[in-house]
Amino acid sequence: MPDLIRDDLRAGRLVRNPSHQVTRHFTGRPVPSGRGIPKLDAMTIVSTGPAVSKTDRVGDVRTVEGVFQSTGFHWVGNGFYVSTYFPSAKLLAERVSPFVLMDYGPAKEFAPLARGKRGVGWHPHRGFETVTLAWEGAVAHRDNAGHAGVIGPGDVQWMTAGGGIFHEEYHEESLTRRGGKMHMMQLWVNLPKKDKMAAPAYQPITAAEIPSVRLEGGGEVRVIAGEHAGARGPAHTFTPITMLDARLVAGARLPVALPASHNALAVVAKGRVRAGASSAGAGELVLFANDGGRVELFAGEDAHVIVLAGQPLGEPVVAYGPFVMNTVEEIRKAILDVNSGKFGDIPE
């Protein structure tokens with residue numbers, strides 16, 4: 001399966017992941033219809049359908065289907081130094097659905113910058129949602145639908161690109177001037193066909209709004225989306241999704257009840273965890289088989305783990321740069337709409 005083509009957000013340049021070979025250029029500003037439209041010869045087309053068990057055996061602990069490594073580090077714009085957990089050549093798109101991409105940026109120190117910005121300028125999206133988590137530092141967001149805000153430590157921004165939006169993401173101004181650490185993650189969540197043209201929306205979720213569950217044995221789990229141990233996350237989603245941000249003390253156990261039909265992943269950001277006979281450390285992702293009603297993780301040392309689960313969409317996926325749609329024609333239409341100004345004006 002070919003690698004996903006994604007927007008590396010550096011001045012709107014489209015690159016092939018993970019080699020980052022430049023395949024197309026996109027200025028990020030509308031041009032007259034029929035001009036500046038790239039050929040559609042470098043995209044991912046994935047025909048996905050049900051590939052999981054439909055029986056939820058609540059008493060069974062899921063087995064591990066595989067442990068996968070993230071890519072090497074690369075820059076997104078000039079402000080985000082990240083490693084990509086997926087897409088990857090070995091991790092099939094249908095096994096991570098409804099998720100499309102995950103970039104993780106570990107804590108990195110930035111020197112003070114006297115002038116200018118660090119981050120990513122105006123760029124378009126259509127057909128999916130972006131979810132940004134910040135653990136250290138702060139990201140200032142603005143889009144052309146009138147939304148703006150700062151994502152600070154512990155906060156989450158859940159943006160629905162839907163039918164089309166332009167946005168920009170930079171280090172918050174005071175962080176840029178004084179310098180400091182940035183520690184963040186961005187996840188792309190696919191939208192089902194019926195909702196791909198939904199109106200753009202913005203969910204600013206502060207740390208104070210995210211419920212936390214204490215773990216027996218030490219640690220806590222922040223529930224961002226879905227439900228865990230009686231706590232429900234504040235994020236509104238188009239399809240059933242679970243997103244947990246867990247800090248585990250060495251020796252702690254994290255059980256998570258999930259429908260067996262939901263895909264389930266555990267991304268290890270720090271430390272080492274065990275699931276069944278498998279072990280995974282920082283920079284690795286645990287993919288669970290769809291053969292039971294819960295996943296279980298054990299911390300071999302203090303660990304930071306992001307648990308992602310959701311109902312797979314079972315629909316064709318055509319991904320090209322900043323667009324994730326169902327058909328080639330829909331990708332072509334997205335490019336035409338951007339170039340003809342249908343995504344709206346870009347604020348000055």
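Let's start at the surface, where F73, W75 and Y81 form a nonpolar patch with about 280 Å² of accessible area together. A patch here takes residues with over 30% relative accessible area and no salt bridge, and joins nonpolar side chains within 5 Å; areas are Shrake-Rupley with a 1.4 Å probe, and a salt bridge is a Lys or Arg side-chain nitrogen within 4 Å of an Asp or Glu carboxyl oxygen.

A word on the source: this is a predicted model, so local features need pLDDT of at least 70 and side-chain atom pairs 80 or more, while totals for chains, interfaces and linings use all residues. Numbering runs from 1 along each chain as its sequence is written, and side-chain values use heavy atoms, without hydrogens and water.

Back to W75, which lies in strand β6, residues 73-76 (strands are DSSP E runs of at least two, helices H or I runs of at least four).

Now, the largest pocket: about 180 Å³ of space (an open set of 1 Å grid points with protein on both sides within 12 Å along at least five of seven lines; lining residues have an atom within 4 Å of a point). Which residues lie nearest its centre? They are K117, A140, E168, Y170 and H171, from a lining of 13. Strands β11 and β14 and helix α2 each give two or more residues.

Definitions and conventions:
On a 1 Å grid over the protein atoms alone, a cavity is a set of points where a 1.4 Å probe fits but cannot get out, and a pocket is an open set with protein on both sides within 12 Å along at least five of seven lines; lining residues have an atom within 4 Å of a point. Grid points are joined across faces, edges and corners, and a volume is the space filled by probe spheres set on the points. Patches are made of residues with over 30% relative accessible area and no salt bridge: like charges are joined within 9 Å, nonpolar side chains (Val, Leu, Ile, Met, Phe, Trp, Tyr) within 5 Å.
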